[in-house]
Every structure is written in C-alpha cells, then in structure tokens.
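These are my notebook entries on one structure. I set down what I looked up, entry by entry.

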Amino acid sequence: IYQTKNTDKMTILTKLQIDMIRSKISGLGFFVPENVVSNDDLSKLMDTSNDWISERTGIKNRRWVGDKKLTTSLMGTYAAEKAIADAGIDKNDIDFIIFSTLSPDYYFPGSGVLLQRNLGIKEIGALDVRNQCSGFIYGLSIADQYIKSGMYKNILLVGSEIHSGGLDKSTKGRSVSVIFGDGAGAAIISSTKSENGILSTHLHSEGKYAEELAVIKPATTHWIDKIKSDQNDESFWPYMNGNFVFKNAVVRFEQVIKEGLEHSNLNLEDISLLIPHQANLRISQFIQKKLKLSDSQVFNNIMKYGNTTAASIPIALTEAYQSNLKKKNDIVVLAAFGSGFTWGSAVIKW
Ligand code: UT7
C-alpha cells in the first residue's frame, strides 16, 4: 500500500497518521414526546388487548406526538442539542450531519438540512439515510469511515421517527400499529487517537424481501392520482409480514453480531452490553438465549417506547449510558435488522 510510485517520507507519515485515527461516540442524547400511549389506550381504538401486546411484543407503552406540534426534524434537534451538550463541544464544531429516518418531514428535501437549519449552524454537509430499523447502524458506519479517513472530526448522527401519524389505527392495522412509537436519539461521533472507539461495523441487505416490510405508496411507482383513483387501495399504510420478518430477524441478528465480534477477535463472553434494535422483546430474548448471554449483557427498553426504528438504538444507548451500564473498555455491541431487508452491527470498545 505504501510502495506506490509517488511514495516519499511525507506520504508515509500521512498514511500512518490516518491509520491511527479511530472514531468514538463522544456524546449521546434522546428526546421522546411527553404523550404516553398505553396498551389499554390502544384497545379503545381497535380490537386488541394489553395481554396480547405484552405477551407478543413486550411493549407496555409507547410515545406518540399526539397534538403536540412536533416534527421528525424537531425531535431530532432536541436529541441533538442534548448530545452536543453531553459531548461538551460547540455546535459549530460539528463538521457533518447524518440523519436516519423512514418518516422524514417532507418527501424531499431530507430532514438533515432541516436539522442544520434548526440548530442554526454553519453550512456543513447533511446526508439522509434511508435504512429504516438499521438506519442508525448504517449512519454510524458512514460516520466511522469519514472520521477514519481524516475528512471530519465531529459528526452529528441522528435517528428520529414519527410513526404515529402514518399508522392504520383500526383493527385492520393492529398487527403493525401497536408496535411503533415516536422518538429521537442522537450521537456525536468524534475522532480519537485512543485505541478505544468503534472497532468495526458490518452492513448487509437483501432486497428480494423489500416488500415484506414496507410502505409502498405514495412514490414514483404510484403517484397520488393513482391512489386517489382506486379508493380500495390502502397500500399507503405500512405492511409487515410479521412472522416472516421475525424469522429472518433472529437469524440475521445472530450472524451479524458474530461477524462483528470475529472481526476483532472477540468472543460472545467478551460482550459487556448488547443493545439490539428494539423491534420486539421476544426477538431480543431469542437472541439472548441463542447466544447464551446473561440478562445483564442485553439492554432492552422497548417496554417503554415501542419500536422507534432508526431512533431505537440511540435512545437505548443513551439510557444505558445514563444508567452507568457502560464502563471504560467495555465491549458494547449494537445490532439491527429491519425493512429492506437490511441489517448490521457495530462493535465498540467503550
Ligand atoms: O423493526 C423492524 C423489524 N420488525 C420486526 O422484527 C417485527 C417482527 N414481527 C413481530 O414482532 C411479530 O410477528 C408481531 C408482533 C408483528 C406479530 O406477532 P405474531 O406472534 O407473529 O402474531 P401473528 O401475526 O401470527 O398473529 C397471531 C394472531 C392473529 O389472529 P389469528 O389469525 O390467529 O386469529 C392476528 O390476527 O393475533 C392476531 N393479532 C392481534 N390480536 C390482538 C395481530 N395483531 C393483534 C393485535 N391485537 N394487535
């Protein structure tokens, strides 16, 4: 790699310096709407029950924005402000924004530019990531590469979602609508010369299952006029082939967690804390059992917030961090699976 035609002392030095750069999570924060929606509240809207939702998903409550004037980018801004304060940096020290969401404020432009406007910071780049439940891990991987290349020093990564407005809250939509919650989480990813930080990220996709968990319309394949012309077409609601998604999720979670650990010569026993995307408590418990992890090795908070897709990992990570569940040198593993299908993991030495 160093024996190119133009190699000289200067180039070698620069390359070695870049090799030493790692990225770390230097600040965390989250924001959820005040409005708590319990399982009993949902049973007033549709034919469901606290027992069904608790047993099948582990969810007790979720937050929905309700009549509060909150948007996806605004919630992301509140989470970002907390992460910036936690990192102890000035907001103008941020070099780049990555915004992960499946529920952006607008069809276009993306929510990243709205976050830049809300924060009132200089004209840095802003990228939107469309990878649903895996959005935060995809964003983290992008941030990690930018930082390791030496291009940026501080990246603001946000996952924010407002699901509540786009759910079919009738009995017909109950298998999906009881699961999803609104919320936002943010992280500052900074460069470090320490050996602690992000050790690896691994990303995957399998587009042949794109329609197994999707919102199909409106989109370029089906513009508004087409939807209006067919009154019986309701494919603007989210569709999920729940059993199929569940079965794929447990397999992919296991694979990608092991892939991440193997990359860094680590074993399952080395995991101090696994933070899986909060899709369903039964999925987390299944993975825990499969990987033979103890209760203290796996963090779950789906009971309180439901599935907040791209926001679920940064919300959980912040709560784990604020509860002092992570110590220096701990190995923290993040993993996600969702629509696409997409999945990924990140292994971090805290
Ligand atoms: O975050 C992205 C990735 N997402 C996931 O990983 C989610 C994966 N899937 C799941 O979590 C589960 O499949 C669900 C929670 C979505 C559904 O649980 P399930 O155990 O797979 O239930 P099911 O869809 O097989 O439905 C079982 C029964 C059905 O009734 P019948 O046909 O047996 O009479 C449903 O109609 O439960 C019924 N049902 C409900 N009943 C009460 C479905 N939703 C509800 C509901 N309340 N909300």
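**Entry 1: the shell around the ligand.** I sorted the residues of the shell around the ligand and found 11 nonpolar, eight polar and four charged. I counted Ala, Val, Leu, Ile, Met, Phe, Trp, Tyr, Cys and Pro as nonpolar, Asp, Glu, Lys and Arg as charged, and the others, Gly among them, as polar. The model is predicted: local features need pLDDT of at least 70 and side-chain atom pairs count only at pLDDT 80 or more, while totals for chains, interfaces and linings use all residues. Residues are numbered from 1 along each chain as its sequence is written, and side-chain values use heavy atoms, with hydrogens and water left out.

I then asked which of the 23 residues around the ligand come nearest. They are Thr 48, Arg 56, Cys 133, Asn 280 and Asn 307; a residue is near if one of its heavy atoms lies within 4 Å of the molecule.

Entry 2: I looked for pairs of N or O atoms within 3.5 Å. The side chain of His 277 has an N or O atom 2.9 Å from an oxygen atom of the ligand. For the side chain of Arg 174, the distance from an N or O atom to a ligand oxygen is 3.1 Å. At Gly 242, a backbone N or O atom lies 3.1 Å from a nitrogen atom of the ligand. On its own the ligand has 950 Å² of accessible area, of which the protein covers 74% (Shrake-Rupley method, 1.4 Å probe). Helices H3 (50–57), H7 (174–177), H9 (242–263) and H10 (281–290) are the elements that give two or more residues to the shell. H9 gives the most, with four residues. Helices (H or I, at least four residues) and strands (E, at least two) are DSSP runs, numbered from the N terminus.

**Entry 3: cis peptide bonds.** I noted a cis bond from Phe 108 to Pro 109, with omega near 0°. Pro 109 sits in the loop between strand S4 (96–100) and helix H5 (111–119). Another cis bond joins Lys 217 and Pro 218, with omega about -5°. Pro 218 belongs to the loop between strand S9 (213–214) and helix H8 (224–229).

Entry 4: Gln 132, which is not a glycine, has a positive phi near 50°. Is Gln 132 buried or exposed? I found Gln 132 buried, at a relative accessible area of 12% (buried is under 20%, exposed over 50%, partly exposed in between, with a 1.4 Å probe and protein chains only). Thr 309 has a positive phi near 40°, and Thr 309 is buried at 2%.

Conventions. Polar contact = N/O pair within 3.5 Å; in protein donor to acceptor, adjacent residues only side chain to side chain.
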